[in-house]
Every structure is written in structure tokens, then in C-alpha cells.
Amino acid sequence: MKVIFAGTPEFASAALQSLLQAGHTVPLVLTQPDRPAGRGMKLQASPVKQCALAHGIAVAQPRSLRLDGKYPDDAAAARDALLAAQADVMVVAAYGLILPQWVLDLPPRGCLNIHASLLPRWRGAAPIHRAIEAGDAETGITIMQMDAGLDTGDMLLAERLPIGPQDTTASLHDRLAAQGARLIVQALELAAAGRLQATPQPADGVTYAHKIDKGESTIDWSLDAEVIARRVRALDPFPGASTDCAGEVIKVWYCEIDSKQSNVDVRNGDILSVNSLGVTVACGQGALRLTTLQRPGGKRLSAAEFLRGFDLRPGMRLGGVPVLASDQASA
């Protein structure tokens with residue numbers, strides 16, 4: 001099948017590679033414009049662009065696809081490229097631009113989206129993060145026929161994936177990327193055979209996975225230990241959970257519930273104990289043992305390594321004024 005592909009990050013790159021390996025022809029790739037990244041803030045191509053160029057595929061990087069929007073010349077050039085591609089279908093995965101109706105209507109088989117959740121749960125930009133943050137037991141991939149709404153189109157294929165108790169956004173992302181790459185190939189095979197069936201999304205169970213904001217990184221120690229632990233995992237690798245200590249902002253990359261500690265007559269954020277196993281901190285309910293930490297400009301270190309260069313003692317208090325993360329567990 002002749003496929004236009006639209007995507008930007010590693011999650012999408014896995015799908016593009018899978019389509020190519022399956023023998024599909026990809027005449028055109030759409031991806032976000034190059035962005036500054038790294039310490040030198042040099043312009044860097046997206047993982048999808050790098051994959052496309054490695055396979056000799058034409059790349060378009062419009063800033064918008066709206067012909068009546070802020071960048072009409074970009075949109076017009078993209079329209080010309082899309083028309084010239086004469087593709088059967090467009091596959092979209094974490095592209096980052098809204099597709100206007102003229103794009104949705106262009107390919108004969110429409111636009112198929114690889115979405116990293118079991119729709120209608122976690123429509124929106126950050127479904128992996130929000131599933132972990134909410135304590136979901138499972139997530140998965142939904143292949144969806146795109147329409148004008150935000151992840152509201154008919155479901156074509158869906159497959160579940162359990163969320164492990166230690167899963168971070170990084171680890172779950174990699175498994176979902178592989179799952180999505182496999183399912184989109186399966187979906188196109190079924191479509192070619194006329195056996196791909198569309199099912200409308202149910203009206204019940206809709207939740208929205210709002211984009212992660214850097215302000216959510218600050219740990220609010222008044223929350224329950226279990227809630228904080230989930231948020232630490234959800235914010236790994238970006239932006240990372242952090243807390244203030246003695247004027248420094250420390251990243252917390254791994255923590256575990258300390259069921260043996262009592263936080264009676266202590267304040268939220270008080271350090272209860274410090275040893276080679278970790279730094280135990282009082283929460284609104286229960287306590288957390290912080291086991292992997294990082295100073296600004298430093299590396300992730302085990303608690304034992306971290307404590308060699310940073311003096312933490314029982315009675316000290318972590319946290320300044322918390323920036324509360326919005327609760328997205330329900331619509």
C-alpha cells in the first residue's frame with residue numbers, strides 16, 4: 001500500500017520503520033520542523049525525519065497545515081506534496097499538528113492514527129504519562145480512523161498492555177511504540193483485504209490526557225505517598241519530579257513506599273531517616289524512600305552515592321511552595 005506518514009518522536013519512528021519493513025511504499029513523510037536541543041541548542045531533526053532521510057524518503061516540515069492560518073505558504077506547499085504523493089492512506093503517530101478537514105479527506109482510505117491508550121480513556125497529548133499517574137492497571141494501543149475531533153474517531157484495532165508496578169513513562173513508551181508499530185501493519189493488511197471494521201467509541205469512560213507541563217514536576221509532599229510515587233514514575237524521563245532542599249532543586253527519579261515508617265507528629269516533607277538504602281520522607285499519608293536522586297548538572301545517582309556529596313539528615317525538610325499538578329483522572 002502507498003502510505004503517507006506523519007509523525008515526529010521515537011514513538012512514531014518505530015511505526016515508520018515497521019511500515020517500511022512490511023514492504024509498504026512511503027513516498028512522503030510529514031514531521032515537525034527541526035528544533036534546538038542539547039547543551040549547544042543546535043537545530044536537530046526529529047527521529048522520524050532521520051529515519052525518512054536514511055531511507056531516501058521526501059520530507060515536508062510545515063509549521064501549519066491550515067490554508068487560512070498563520071503559515072498559508074507552508075500549508076500550500078504541504079498540500080502540493082500530499083497531492084503529488086497519490087497515497088492510499090495516511091498514517092499518523094504523535095505528529096504534533098492538527099490535521100484540518102482537507103487533509104483528512106485527501107487519502108482514499110483516510111487517515112489512521114496510532115494512539116497510545118485504550119480509547120476513549122486518555123484522549124489527548126500525554127496518554128502514557130496520565131495512565132501511570134492515575135494508577136491504571138493497563139493501557140494499550142488503539143488504531144483509530146481520524147476525524148475532526150480530538151481522538152474521537154472510530155476504533156479500528158485495539159490491544160491491551162499491562163502497566164507494571166515499576167513502569168515509568170520511558171519504559172511503558174518503548175513497549176507501546178513496539179505494539180503500535182506492529183498493530184498499524186496489521187491494520188493495513190486488514191484494510192487491503194477489506195476486513196478492517198470500524199467501531200464507534202463509547203460515550204462512557206472518556207478522559208483527557210492533558211499535555212505535561214514543567215510546573216507539574218514540583219513534588220507536593222502533602223499528597224499521599226502512593227500518589228507521589230506514581231507521579232515520579234509518570235514524569236520520568238520528562239520533566240522529572242523535583243523538590244527543593246537547602247536552596248537546591250533535586251530531581252527524584254525513583255522512590256518506593258516505606259511501610260515501616262510512621263509520620264505521626266511530623267510535617268509533610270520532613271526527612272524521617274537517612275541511610276544507604278535511601279532518604280525516607282513524610283508525606284500527607286505514609287512515607288516514601290527516595291532511592292535515585294540527581295543534583296542540577298549532575299547524573300542520576302543511587303541514594304548512597306548521592307549522600308556522599310550532599311548532606312541530608314533526619315529533621316531536614318524537603319519542598320518549597322508546591323506547584324500542584326492538575327488531577328486528570330477524570331474528564
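Me: Which residue stands opposite Val274 in S15?

Reply: Val279 is the residue that stands opposite Val274, in a model that is predicted, with local features needing pLDDT of at least 70, side-chain atom pairs counting only at pLDDT 80 or more, and totals for chains, interfaces and linings using all residues. Residues are numbered from 1 along each chain as its sequence is written, and side-chain values use heavy atoms, with hydrogens and water left out.

Me: In what sense do S14 and S15 pair?

Reply: Strand S14 (residues 271-275) and strand S15 (residues 278-282) pair in the antiparallel sense over four bridges, where pairing requires that DSSP finds at least two bridges between two strands. S14 and S15 form a hairpin, with two residues between them.

Me: And how many helices and strands does the chain have?

Reply: The secondary structure comes to eight helices and 17 strands, these being DSSP runs numbered from the N terminus, with helices (H or I) of at least four residues and strands (E) of at least two. The C-alpha atoms of the chain fill a box of roughly 70 × 45 × 35 Å, taken along the principal axes.

Me: What share of the chain is buried?

Reply: Of the 331 residues in the chain, 48% are buried, where buried means under 20% relative accessible area, exposed means over 50%, and partly exposed lies in between (1.4 Å probe, protein chains only).

Me: Let's look at H3; which residues are buried there?

Reply: In H3 the buried residues are Asp74, Ala75, Ala78, Leu82 and Ala85. They cover an arc of only 90 degrees around the axis, which puts them on the same side of H3; the arc is that of the directions from the helix axis to the C-beta atoms. The face turned away from the buried side of H3 carries the exposed residues Asp73 and Ala84.

Me: What about H2, which residues are buried in that one?

Reply: In helix H2 (residues 47-54), Val48, Lys49, Cys51 and Ala52 are buried. They cover an arc of only 160 degrees around the axis, which puts them on the same side of H2. Leu53 and Ala54 are exposed residues on the face of H2 turned away from its buried side.

Me: Changing topic, how many cavities of 30 Å³ or more are there?

Reply: The structure holds two cavities of 30 Å³ or more. On a 1 Å grid over the protein atoms alone, a cavity is a set of points where a 1.4 Å probe fits but cannot get out, while a pocket is an open set with protein on both sides within 12 Å along at least five of seven lines, and lining residues have an atom within 4 Å of a point.

Me: Which residues line the second largest cavity?

Reply: The second largest cavity is lined by Thr243, Ile250, Val279, Leu290, Leu293, Leu312 and Leu318, and has a volume of about 30 Å³, a volume being the space filled by probe spheres set on the grid points, which are joined across faces, edges and corners.

Me: And what lines the second largest pocket?

Reply: Among the residues that line the second largest pocket are Lys214, Pro237, Phe238, Pro239, Trp253 and Arg295, and about 230 Å³ of space lies in this pocket.

Me: Where does Gly215 lie?

Reply: Gly215 lies in the loop between strand S11 (208-209) and helix H7 (225-234), and Gly215 is partly exposed, with a relative accessible area of 23%. Gly215 and Pro239 are 24 residues apart in sequence and 8.8 Å apart in space, C-alpha to C-alpha.
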